[in-house]
Amino acid sequence: GLARAARATDIEEARVVIGELSLSTRRTARLVQQLLALGRLDPEAIGDLQFREHDLVMLAQDVGAAHADQALAKGIDLELLAASRPVFAHMISDLIAEALSNLIDNAIKYTPAEGTVTAHAEPLTGGGAIIRVSDSGIGVAPEYQHRIFERFFRVQQTRPRTGLPDATGAGLGLPIAVWIAKAHGGSLVLAHSDERGSVFELRLPPHRLQVG
């Protein structure tokens, strides 16, 4: 990579090579982050962590901002839709941020250039909250939908859409997000998916439920 950049005959070629190196570095950093998160997923340790009321809207804004460059690089419109007031949920904010980050990262990867990724936080009737991550991506084929939450499973598929999806990764993001949701007594489901895109729903109860 660096040797190729050094051999570049003009500045534009060098910029392309450096851009490729930057993307590779981000992917490696993301994999390390996910492996570290996977190592922390100890069911007994979760009881020692502090659950507090946090605003999902502010959390989603922070996570979205962290993915702004990734979305911009593909020309993807990354939006946050939220209620006009805070949406509180009982959570470990760092873990929910990791789960949401994995959902947004996954959506951007499987959305062709010039598409849309949206995060929508809202309160649930009776308490608790939900955050939906929607995309205009390639969708998940029906034969894969029951497997996408398995560790190390990566969808291998293409769709006749404009632009190619960046479908790289280790297959850890969704399983980690599922574990985090369950650790909060909540759930993560693929609510909808077809050739027009996918919708994932992360639901959190009013208070942490006992996890067996």
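In this predicted model, Arg-132 has a relative accessibility of 22%, so this residue counts as partly exposed. The value lies just outside the buried class, because buried means under 20% relative accessible area. Arg-132 forms a salt bridge with Glu-201, and the closest N and O atoms of the pair are 2.9 Å apart. The two partners come from distant parts of the chain: Arg-132 belongs to strand E5, Glu-201 belongs to strand E7, and 69 residues separate them. With a relative accessibility of 13%, Glu-201 counts as buried.

Arg-203 is partly exposed, with 33% relative accessible area. Through shared partners, salt bridges tie Glu-122, Arg-132, Glu-201 and Arg-203 together into one network. Elsewhere, the side chains of Asp-194 and Arg-196 meet in a salt bridge of 3.1 Å, again taken from N to O. Arg-196 is exposed, its relative accessible area being 68%. A search of the whole structure gives 5 salt bridges.

Next comes the nonpolar interior. In soluble globular proteins, nonpolar side chains tend to be buried together. The largest nonpolar core of this model holds 42 residues, and Leu-56, Ile-96, Leu-100 and Leu-188 are the ones with the most contacts inside it. Several elements supply at least two residues each to this core, including helices H3 (56–66), H5 (93–109) and H6 (173–183), along with strands E3 (88–91), E4 (116–123), E5 (129–135), E6 (187–194) and E7 (197–204). Helix H5 gives the largest share, 9 residues.

Leaving out residues up to four places away in sequence, Leu-56 touches Val-87, Met-91, Ile-96, Ala-121, Ala-129, Ile-130 and Leu-204. One of these partners, Ile-96, is itself among the residues with the most contacts inside the core.

Thr-111 sits in the loop between H5 and E4, and its relative accessibility is 0%, so Thr-111 counts as buried. The side chain of Thr-111 reaches the backbone oxygen of Ala-107 at 2.6 Å. Apart from neighbours within four places in sequence, Thr-111 is in contact with Lys-74, Ile-76, Thr-116, Val-117, Asp-135, Ser-136 and Gly-137.

Finally, the view widens to the whole chain. The chain contains 6 helices and 7 strands, arranged along the sequence in the pattern α-α-β-α-α-β-β-α-β-β-α-β-β. Of its 212 residues, 44% are buried. Among contacts with a separation of 6 or more, 73% join residues 24 or more positions apart.

Note on methods: Residues are numbered from 1 along each chain as its sequence is written. This is a predicted model: local features need pLDDT of at least 70, side-chain atom pairs count only at pLDDT 80 or more; totals for chains, interfaces and linings use all residues. Side-chain values use heavy atoms; hydrogens and water are left out. A nonpolar core is a set of buried Ala, Val, Leu, Ile, Met, Phe, Trp, Tyr and Cys residues joined through side-chain atoms within 4.5 Å. Buried means under 20% relative accessible area, exposed over 50%, partly exposed in between (1.4 Å probe, protein chains only). Helices (H or I, at least four residues) and strands (E, at least two) are DSSP runs, numbered from the N terminus. Contact means heavy atoms within 4.5 Å. A salt bridge is a side-chain nitrogen of Lys or Arg within 4 Å of a carboxyl oxygen of Asp or Glu. A polar contact is a pair of N or O atoms within 3.5 Å; within protein, one must be able to donate a hydrogen and the other to accept it, and residues adjacent in sequence count only if both atoms are side-chain atoms.
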